[in-house]
Amino acid sequence: MSDRTVEIRFRVNGREATVRSHPMARLLDVLRQDLRLTGTKEGCGEGECGACSVMVNGELANSCLLPVLQAEGASITTIEGLPRNAAELHAVQQAFLTHGGAQCGICTPGMVLAAVSVLERHPNPTDAEIREGLAGNLCRCTGYMRIFEAVLHATQIGRASRPPS
């Protein structure tokens with residue numbers, strides 16, 4: 001890898017960000033090291049576990065596989081950008097707390113973002129849609145049932161917070 005760096009601009013968690021980085025540096029490393037957004041975790045570094053998942057232009061992506069240059073002009077959401085405000089957790093985060101959906105915490109940020117992605121695409125997801133939406137995220141600790149229960153609970157919280165149609 002050469003020492004050549006470029007200036008890259010994108011939005012992260014609603015704020016403009018400009019970094020000077022090698023264009024092929026992993027988005028994961030830029031988020032954690034340059035921007036100090038350490039909520040995004042590295043599990044495998046090979047795109048197999050989903051621990052480093054972030055939302056890029058509204059789509060779930062493994063930040064360990066994404067060269068930062070591909071983030072130019074993008075809108076990125078990390079786990080730090082998920083709550084609507086500092087005093088209130090996102091429904092998925094609250095459900096993970098309520099149902100014990102996190103243990104060691106390595107998979108949790110990516111799993112939460114995957115669950116949010118599922119609920120954005122399917123406000124009333126079937127069991128199969130939840131399982132498919134979480135399939136790219138691996139957890140070694142919980143056995144998945146508590147995570148699955150948390151997503152179901154978040155669905156109910158979301159329905160309760162939506163205005164009647």
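**Figure 1. Glu-7 is partly exposed, at 43% relative accessibility.** Relative accessible area under 20% is termed buried and over 50% exposed, with partly exposed in between (1.4 Å probe, protein chains only). The side chain of Glu-7 meets that of Arg-9 in a salt bridge, 2.6 Å from N to O. A salt bridge here is a side-chain nitrogen of Lys or Arg within 4 Å of a carboxyl oxygen of Asp or Glu. Arg-9 is likewise classed as partly exposed, with a relative accessibility of 46%. The model is predicted: local features need pLDDT of at least 70 and side-chain atom pairs count only at pLDDT 80 or more, while totals for chains, interfaces and linings use all residues. Residues are numbered from 1 along each chain as its sequence is written, and side-chain values use heavy atoms, with hydrogens and water left out.

**Figure 2. Glu-16 and Arg-11 form a salt bridge through their side chains.** The N to O distance is 2.5 Å. Glu-16 is exposed at 59% relative accessible area, whereas Arg-11 is partly exposed at 33%. Over the whole structure, a search finds four salt bridges. Side chains of opposite charge can pair when their charged atoms come close.

**Figure 3. A salt bridge connects Glu-42 with Arg-26.** The closest N and O atoms of the two residues are 3.0 Å apart. Because Glu-42 is in the loop between α1 (27-34) and β3 (53-56) and Arg-26 is in the loop between β2 (15-21) and α1, the pair ties together parts 16 residues apart in sequence. Helices (H or I, at least four residues) and strands (E, at least two) are DSSP runs, numbered from the N terminus. Arg-26, Asp-29 and Glu-42 belong to one network, joined by salt bridges that share partners. Glu-42 is partly exposed, with a relative accessibility of 39%.

**Figure 4. Helix α1 has buried residues at Leu-27, Leu-28, Val-30 and Leu-31.** The elements covering these buried residues include β1 (6-12), β2, β3 and β5. Just after the helix, Arg-36 has a positive phi of about 60 degrees.

**Figure 5. Phe-10 is a residue of strand β1.** Its relative accessibility is 2%, so Phe-10 counts as buried. With neighbours within four places in sequence set aside, the contacts of Phe-10 (heavy atoms within 4.5 Å) include Leu-35, Val-68, Ala-71 and Ile-76. Arg-15, Glu-16, Ala-17 and Val-19 are also among the contacts of Phe-10. Although 61 residues separate Phe-10 and Ala-71 along the chain, their C-alpha atoms are 6.4 Å apart.

**Figure 6. Ser-63 occupies the loop between β4 (59-62) and β5 (75-77).** Ser-63 is buried, its relative accessible area being 0%. Excluding neighbours within four places in sequence, Ser-63 is in contact with Arg-26, Leu-27, Leu-28, Thr-40, Cys-52 and Val-54.

**Figure 7. Helix α2 spans residues 91-99.** Its buried residues are Ala-91, Val-92, Gln-93, Ala-95 and Phe-96. Gly-100 follows α2 and has a positive phi, near 65 degrees.

**Figure 8. Arg-131 lies over the face of Phe-148.** The distance to the ring centre is 4.2 Å. A charge sits over a ring if NZ of Lys or CZ of Arg is within 6 Å of the ring centre and within 35 degrees of the ring normal.
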